[in-house]
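The entries follow the order in which I looked.

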Amino acid sequence: MTWIFENWDKFLEASGVHLRLAVIPVLLGLVVAIPLGWLANRSRSASAVLMPLSNVLYTVPSLAMIVIMPVLLGSKILDEINIIVALTIYTVALLIRNIADGLHSVPGHVVAAANAMGFRPLRRFLTVELPLAVPVTIAGLRVAMVSNISMVSIGALIGLGGYGQLFIQGFQSNEDIIWAGLIGTLVLAFIGDVLLQLAGRVLTPWVRAGR
Amino acid sequence: MGWLFDPAHWSGSTGIPVRIVEHFTYTWLTLLIAAVIAVPLGAFVGHTGRGGFLIVGLTNGLRALPTLAVLIIVVLWAGIGDVPVYTALVLLAVPPIMAGTYAGIRAVEPSIVDAARGVGMHEGGVLLQVELPNALPLVFGGFRGAALQVVSTATIAAYVGAGGLGRFVFDGLAFQEYDQMLGGAVLVAVLAVLVDLVFVGLQKLTVSPGVVGAGSGGNR
Amino acid sequence: MKRIATAVAAVMLLAGCGGDPLSSGGSGQSSSDTIVVGSANFPESRLIAEIYAEALSAKGVKVTKKLNIGNRELYFKGVQDGSIDLIPEYTGVLLRHVKKESTEVAPDEVYEALKKALPSGLIVLDKSTAEDKDAVVVTKATVAQYSLKSIEDLVPYCKNLVFGGPPEFQQRPDGLAGLKAKYNCEFKEFKALDVGGPVTVAALKDGSVQAADLFTTDSAISANDFVALEDPKNLFAAQNVTPLINEKKASEQVRSILNAISKKLDTKTLLDLNAKLSAKQEADKVAKDWLASAGI
């Protein structure tokens, strides 16, 4: 296990790249999934298209998804944007359902109360329905975060950075390097998960106040 | 999409049908092994109520485990072949099945369980005849989630020289033939949908119509 | 909403960890004075790339590294679209890649043909004498069983044997097609493994394949009692290690540094340095040490 200490700089660099490639898709995915989740909750026909579509997208193997991106995006084969968009698609596919379920779980009388107070639909959505959907959304985000952190390593098969590079280099020379990457992955996943749980608590103070 | 419909690719020892069978074998055998491990564990913890935090922690921890790394490490230890492939895939399939079983049993109405005990059922009978049948919708949800991940991830096995539909994705990448890679990806997606449909069918056949939520597909 | 915005901003900050996240790999096009050094997905290529990068940056040239990209089919696109500027290459396989029908086999002929065949904008600098060829490799037991010395001796048995190599070996002109055309050797089955790496070595060792494509400078060959069969018909052309570079980035200074490396790099050096990599030394350190000992 000495590799990680003797090559701390390389480990940190891989960690930075890995974190970047995993977290940006979670954020982008959230931004894209909120309106789509809203749509899926509002309209039956939208839901009938979005839900099966997101299920199928989720089955596309990650390596294939990453390498198909240059064809779809016109990007270069080695660009990080390929893996970022690919993971964003998985995140959206996962979150749409969570957000729709979360919005669906908002009790009708709460919506009615907001209406009675004169909230316009956009304000009601942003300040009442969306916050109440936070717990379910956070649950989805946690799954997305962890699976993204685990999936980024696939990008190493086409030369992208992160812990996957450590797996491949370790495979070719030194098993210690694989363990360094593996431990890094688990630690990042753990930290990401704890941060999301914290965010969930900060964003839903009423959950604790009610106890 | 020409690649997919070229009859030349549908024959021979490295043709599409052979790869589909390999991929499907990886899938069902993985699910079987994972079921043997995960269902009793999830059922036990769900029934006794002890060690629930362990299930949740283990599930999340395993979910973060990168399949590529597991595959590589097992190859270094045990050589190439089936062992690394199944190890990596089983580790992937255990968390959703275990979580589904656990959640399913926890969600059974306590009054039903009490009633079963009240008519003099043994704990084993309570678990097998009352709790598990009532938990089936969520158990199936777990299996469907696991199956989806296994079908999609079995692709990676080709990295260490294994077969399956991943062969087309990796070979397509190696030759820079996008239609071969795309063809492989489409086949994986189709297989995943078919496997999911099989589970939907099984669920319809095995879940008692009296069980609440029998129609829902679990958490996915 | 304000809370959400704050939380998102906080996560963004955490994620950023060093400037604009999309800029580093987003555009691919490097600024005019930075050289992006790439490498293929096997240790020797990474090592030579480290040697180039280390020597250049020691002389004040700005360098960034994109190592372990993949095979030639993949990274050559990166060279052409400007994502990478410099990569260690092997003359023979590169020639076959840019000109499939080429027939040259001797080092100088291959090198001259390669210079002519490269797409405009890309050049090779001086070639080194260091050679690392693909080879058909078998175990000592197989050698004894069939009394083998060269690929020719293998021909009668090809149809009974399983051959392992990187997936691209199925399509390269000096892969399966060349084995058939030059030696009339058609294997029973081809197993796609990796690029002269641990999977191939393991498969040969455990008998999953009986013959495999490995590199002649690989220390795994001697370490595992493997034998590289001779190639009397020159299926695998001369493979001198040579820098492939984007012409725009090849300033006088860059040329002289890289040519100095090629002058010192020979096959024995490659064998020694590869052995150090197998002994778990880090490629960048091995590169640095060698440059110091070679006085570059």
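**Chain C.** I started with sequence separation in chain C: among its contacts with a separation of 6 or more, 76% link residues 24 or more positions apart, a contact being two residues whose C-beta atoms, placed from the backbone, lie within 7 Å. Before going on I noted that this is a predicted model, in which local features need pLDDT of at least 70 and side-chain atom pairs count only at pLDDT 80 or more, while totals for chains, interfaces and linings use all residues. I also noted that residues are numbered from 1 along each chain as its sequence is written, and that chains are lettered from A and ligands numbered from 1 in the order in which they are written.

I then listed the elements of chain C and found 14 helices and 10 strands, where helices (H or I, at least four residues) and strands (E, at least two) are DSSP runs numbered from the N terminus. Of the 296 residues in chain C, 47% are buried, that is, they have 20 or more other C-beta atoms within 10 Å of their own C-beta atom, placed from the backbone.

Looking at individual strands, I saw that β1 (residues 34-38) and β2 (residues 62-66) of chain C run parallel and are joined by five bridges, pairing being called when DSSP finds at least two bridges between two strands. Within this pair, C:Val37 stands opposite C:Lys65. With helix α3 (residues 43-58) of chain C, β1(C) and β2(C) make a right-handed β-α-β unit: with the strands pointing away from the viewer, the path from the first strand over the helix to the second runs clockwise.

**Chain A.** I next checked chain A, which has 11 helices and zero strands. Its C-alpha atoms fill a box of roughly 65 × 45 × 20 Å along the principal axes, and 54% of its 211 residues count as buried.

**Chains B and C.** For the contact I noted 12 residues from chain B and 16 residues from chain C. On the chain B side, helix α8 (residues 166-175) gives the largest share, five residues.

**Confidence in chain B.** I finally looked at pLDDT, the predictor's confidence in each residue, from 0 to 100. Chain B has a mean of 89, and 95% of its residues reach 70 or more. Over residues 214-220 of chain B the value stays under 50. Where pLDDT is low, the predicted coordinates should not be read in detail.

Notes
Buried ≥ 20, exposed ≤ 12 C-beta atoms within 10 Å, placed from the backbone.
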